[in-house]
Amino acid sequence: MESTQQTESKIIELKPFTDEMIVNMGPQHPSTHGVLRLELRLDGEIVREAIPHIGYLHRCFEKHSENLSYPQIIPFTDRMDYVAAMNQNWGFCLAVEKLLEADETKDFEVPERAEYLRVLICELNRIASHLLSFGTYGMDIGAFTPFLYAFRDRERLLLLFEKVCGARLTYNYIRIGGVSEIIPLEPGSIAEQNYLDEIEGFLDYFEPKIDDYNDLLTSNSIFSERTMGVAVMSEEMALSYGATGPNLRGSGVDWDLRRDEPYSIYDRFEYDIPVAKDIPELGAVLGDCWSRYKIRMDEMKESVKIVRQILAEGLPDGPVMADMKAVRPPKGEIYFRSEAPRGELGFYIVSDGTPKPVRVKGRSPCFSALSALQELSRGLMVADIIAIIGSIDIVMGEVDR
Amino acid sequence: MNPEEIYKTLSDKFGGAILGYDTELAGDPNIQIAPTAIADVCQFLAETDTLAFDSLMCLSGIDLGVKEEDLSIVYHLYGMQHRHTVVLKTSVPKTDAHLPTVSHIWKTADWHEREAYDLYGILFEGHTDLRRILLPDDWEGYPLRKDYQEPDFYRGMRVPY
């Protein structure tokens, strides 16, 4: 008797509206950018509720980290956001370095040359990541051409990364105390000059292309119709949900960790932080899908600016690794955040003074941004869900860790 | 405000619920708070104009070891307006891990608390939708606890490989 009652109450719970239909979107669906399952409760084509179910790519990053030494964790961070793995490596290394610096008995400093290489590579990786976001977003909305163009250009960047670390996606290039020396780039050597020339060649080729892509997709009327005014995220909502990076700037908050909490050598370069605003003549509303997308397009230009400044200055001489024997942070804990392409990437590390951490938590920008999806999608059409997912630019490897 | 001033403000307001201010260890200093008061303290931090902590950067559970009796929960807060940061820490016993939710104050806490529940088995009272988030619904145990023993089989599949 009791069990029937339970089943009945379940039916009532699942069917609050007579015409409601439940559709599972995902986990295998190209527009979900990985393995994300959405439980859609639909009234015709209107979404009453879209409940995200995540965890399909959970690989226990945090549990693994507790059993590994600090340098061994870096390859695991590669697999968080595999589209911008350099930035993930860097985020983790920055947190460990910050903890090492807190140890007053030891003198620890990252060499100048390594800092320059880090900024150079990570800004290029930011471009690669935004290119992927731009290309796949176009494809989600129904334009196939931008995808091909984006991947063509991204390929050149991947070749550049391959030349410094031998890998195309999971780099393990940035190490605690510097960068990897697996493929040596001797200061002042021909190899170094060739490498920098190649980067410059790419920038000369790529910079005008951004305008082409804006003509191709950003101002495309079908694309605009699908994205402008859709899923507006207000400033308060973005802050409350912990949306960061392009998603936060897309809601009009002028905030970028590279400028506002400068780390590494970002304070030496000149660049602008693109922030979205209302553009009534186009139809764009502050905080809509189009604004978030446009921020990424503008950021690519800013990254080009930073890389050009490094190329003009040239890489400084010196070693690329700090002089240290073992990575053994003092007893303590640190939360350090850096600006990854998808937003604020934080690492919370608890150390007990041994070579292995007690706790590593990765604060993933996509995880927080994705939690806003349920509220954003309420009352919209099914097709808009795809537009929202693409515009918040998630990578499931990072959401699920 | 720096963390020390925030600690003083909180002590004046909440008295005995603020247990201490820890600066001994390397890295970020943290303010220790009684678990029952955490929601009130967070509400105060978020709504007072001079503090205005409008974003929760990170919420994490910690298990320091098998011999420890407590689990810790750490809140990293940031105030966009005053550009200041504070770290709150609270601990609950492993055998009866529960404390009030803060998901009504910052919406991002919703998923972060679900994650802490999923991996540590910490119950957040008043959370509207506390279920597993990363692991399957029928998973047994809380993997990030140090005394966690992984099962031999999950639905007929061998787990250790």
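Trainee: At what angle do helix α7 and helix α12 of chain A pack?
Mentor: In this predicted model, α7 (residues 190-218) and α12 (residues 289-313) of chain A pack at about 160°, their axes 10 Å apart. Axes are lines fitted to C-alpha atoms over the stretch in contact, and angles run from 0 to 180 degrees between N-to-C directions. Helices are DSSP runs of H or I with at least four residues, strands runs of E with at least two, numbered from the N terminus.

Trainee: Roughly parallel or antiparallel to each other?
Mentor: α7(A) and α12(A) are therefore roughly antiparallel, a term for angles over 145 degrees.

Trainee: Which residues meet there?
Mentor: Among them, L196(A), I199(A), L203(A) and F206(A) in α7(A) meet residues of α12(A) including M297(A), M300(A) and V304(A). Contact requires C-beta atoms, placed from the backbone, within 7 Å.

Trainee: Now chain B. How many helices and strands?
Mentor: Chain B has three helices and ten strands, in the order α-β-β-β-α-β-β-β-β-α-β-β-β along the sequence. Its C-alpha atoms fill a box of roughly 55 × 30 × 25 Å along the principal axes.

Trainee: What percentage of its residues is buried?
Mentor: Of the 161 residues in chain B, 42% are buried, that is, with 20 or more other C-beta atoms, placed from the backbone, within 10 Å of their own.

Trainee: And the conventions?
Mentor: Residues are numbered from 1 along each chain as its sequence is written, and chains are lettered from A in the order in which they are written. Local features need pLDDT of at least 70, side-chain atom pairs count only at pLDDT 80 or more, and totals for chains, interfaces and linings use all residues.

Methods. Angles under 35 degrees count as roughly parallel, over 145 as roughly antiparallel, 65 to 115 as roughly perpendicular and the rest as oblique. Two residues are in contact if their C-beta atoms, placed from the backbone, lie within 7 Å. A residue is buried if 20 or more other C-beta atoms lie within 10 Å of its own, exposed if 12 or fewer, and partly exposed in between; C-beta atoms are placed from the backbone.
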